[in-house]
Amino acid sequence: MAKTQELTEGQRAYEARRAAKAGVSLDKWLAEKDRRIRAEEAAAAKLAAAEKAAEPEKKGWFGRLMDRANKPIK
């Protein structure tokens, strides 16, 4: 998330309202929001890496040819 000085006036007011509703200061609110976003990104990257590792490697043309050659004739 952007730092306080990088927020526009409207964004700063919106985040200040959310921080007040949560009962924390604007700086703490933005720091917590940044921490949550980073944690979500790390979890998404970890999940994507796990999915990629679990994905079987695609066969090349020779592998596909051998699979066809080893199939029984119908």
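## A tour of the salt bridges

Start by selecting E32: this residue is partly exposed, with a relative accessible area of 32%. Keep in mind as you click around that you're looking at a predicted model.

The side chains of E32 and R36 form a salt bridge, 3.8 Å from N to O. How far apart are E32 and R36 in helix α2? They sit four residues apart, so about one helical turn separates them. Bring in R35 too, and you have a salt-bridge network that links E32, R35 and R36.

Why would such side chains team up at all? Side chains of opposite charge can pair when their charged atoms come close.

Next stop: K33 and E15. Their side chains meet in a salt bridge as well, with an N to O distance of 2.6 Å. This one ties together distant parts of the chain: K33 belongs to helix α2 (residues 26-54) and E15 to helix α1, 18 residues apart. Zoom in on E15, which you'll find in helix α1, spanning residues 9-22. Is E15 buried or exposed? Its relative accessible area is 4%, under the 20% cut-off, so E15 counts as buried. K33 is buried too.

For the last pair, select D67 and K59. Their side chains form a salt bridge at 2.7 Å, N to O. D67 is partly exposed, with a relative accessible area of 34%, and K59 is partly exposed at 49%.

How values were computed:
Residues are numbered from 1 along each chain as its sequence is written. This is a predicted model: local features need pLDDT of at least 70, side-chain atom pairs count only at pLDDT 80 or more; totals for chains, interfaces and linings use all residues. Side-chain values use heavy atoms; hydrogens and water are left out. Helices (H or I, at least four residues) and strands (E, at least two) are DSSP runs, numbered from the N terminus. Buried means under 20% relative accessible area, exposed over 50%, partly exposed in between (1.4 Å probe, protein chains only). A salt bridge is a side-chain nitrogen of Lys or Arg within 4 Å of a carboxyl oxygen of Asp or Glu.
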